[in-house]
Amino acid sequence: MTSTTKLTITQPDDWHLHLRDGVVLKDVLGHTSRQFGRAIVMPNLRPPITTVELALQYQARILQAIKELPENSQSFVPLMTLYLTDNTKASEIAKAKEAGIVALKLYPAGATTNSDAGVTNLAKCDEVLDAMAQHNLPLLVHGEVTSAEIDLFDREAIFIEEVLHPLRMRHPQLRVVFEHITTSQAVDYVNTTDTANLGEIAATITAHHLLYNRNAIFLGGIRPHFYCLPVLKREQHRLALLNAATSDSKRFFLGTDSAPHSKHLKENECGCAGCFTAPQAVEFYAQAFDSVGKLQQLEAFASFRGPDFYGLPRNTKQITLEKTSQTIPSTYQFGEEEIVPLNAGKSLDWTFLG
Ligand code: OTD
Ligand code: ZN
Ligand code: ZN
């Protein structure tokens, strides 16, 4: 009897990624471009990427950084997004489409890292959302309510009822990606939604939400590298996500939400939110799929459903993973600082060969 030892699949894409900017950009980009063909680049810089002009300038900096990477990483394609604000103009949408921007991102103000400029009142965005539906530009949603009085662990489930569903009812042509879902309620909503009368919906799922539940944050002490937003949830939610990701549904696809912060900003009295998973992203997903005997579903989740949703061609290159154990390095270079990857120093069953 032999078990699967090598897995060759179409090169995957990362449909939700934080690349940052400036001195760390090249270091961050190197990890993702080694494994993925394309990535949707999140616009939550400081200041945020709110206009087509800013997005094109950011894209140019990324393309410049790509030129300094190894040969086999140079075909990487960054897909750009705009950060929706109360003041985004409807006229910016046609320009965005024209410039190849793939989506707009909704951050409820204050929901996550660098979201202070986010939307305070979605009613102010009705015209923009209509223009997006008209131009077939999807809305990518950070799906958490932000009121301080709502329990952190309930914010996603409440967002569905209070914000997401009403939003789709008001804009029935709008296509939506519910980003980095973390709960069974989100899985159920995406699975059972009325697509006869409402716009298409899909969801991205991170590797860390497939592999860990909230105990990981508190295992023998406080573990800042497992803290992200939306925060890890109970085991029952992790199981629902794993079930969705490995199912035949076209609505769930890969988005790492790899969100790098320097070691000192994570290991801090008020540590930043975000898990840095880019260096071993594909291996983490393989580990999760393998844990339930569903490796045969990995290619659809990682490489097919994302491009199909965005109306882009699937990648033609292939990548290979081997079931050989690797030890995750304790740190990587991050500009002039260091960064700690998720599960640093621990071993992983899978290794990316290229
Ligand atoms: N979550 N950290 C960040 C973004 C994500 O909500 C997200 O997309 C970040 O640092 O940009 C995080 O925990
Ligand atoms: Zn988010
Ligand atoms: Zn993110």
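Buried means under 20% relative accessible area, exposed over 50%, and partly exposed in between, with a 1.4 Å probe and protein chains only. By that rule, histidine 142 and histidine 180 are both buried.

This is a predicted model, in which local features need pLDDT of at least 70, side-chain atom pairs count only at pLDDT 80 or more, and totals for chains, interfaces and linings use all residues. Residues are numbered from 1 along each chain as its sequence is written, chains are lettered from A and ligands numbered from 1 in the order in which they are written, and side-chain values use heavy atoms, with hydrogens and water left out.

**Zinc site**

Donors are N, O and S atoms within 2.8 Å of the metal (3.2 Å for Na, K and Ca); water is not among the atoms, so sites may look incomplete. Histidine 142 is in the loop between β6 (139-141) and α5 (155-170), and histidine 180 is in the loop between β7 (176-178) and α6 (184-192), so the pair links distant parts of the chain, 38 residues apart. Helices (H or I, at least four residues) and strands (E, at least two) are DSSP runs, numbered from the N terminus.

The zinc ion (ligand 3) is 4.0 Å from the zinc ion (ligand 2).

**Aromatic rings**

Rings of Phe, Tyr and Trp (its six-membered ring) pair if their centres lie within 6.5 Å; planes under 30 degrees apart count as stacked, over 60 as edge-to-face and the rest as tilted. The count comes to 9 aromatic pairs, including the two below.

| Pair | Centre to centre | Angle between planes | Class |
|---|---|---|---|
| Phenylalanine 253 and tyrosine 310 | 6.3 Å | 70° | edge-to-face |
| Phenylalanine 289 and phenylalanine 301 | 5.3 Å | 45° | tilted |

Phenylalanine 253 lies in strand β9 (residues 252-254) and tyrosine 310 in helix α11 (residues 298-310), so their pair ties together parts 57 residues apart in sequence. Phenylalanine 253 and tyrosine 310 are both buried.
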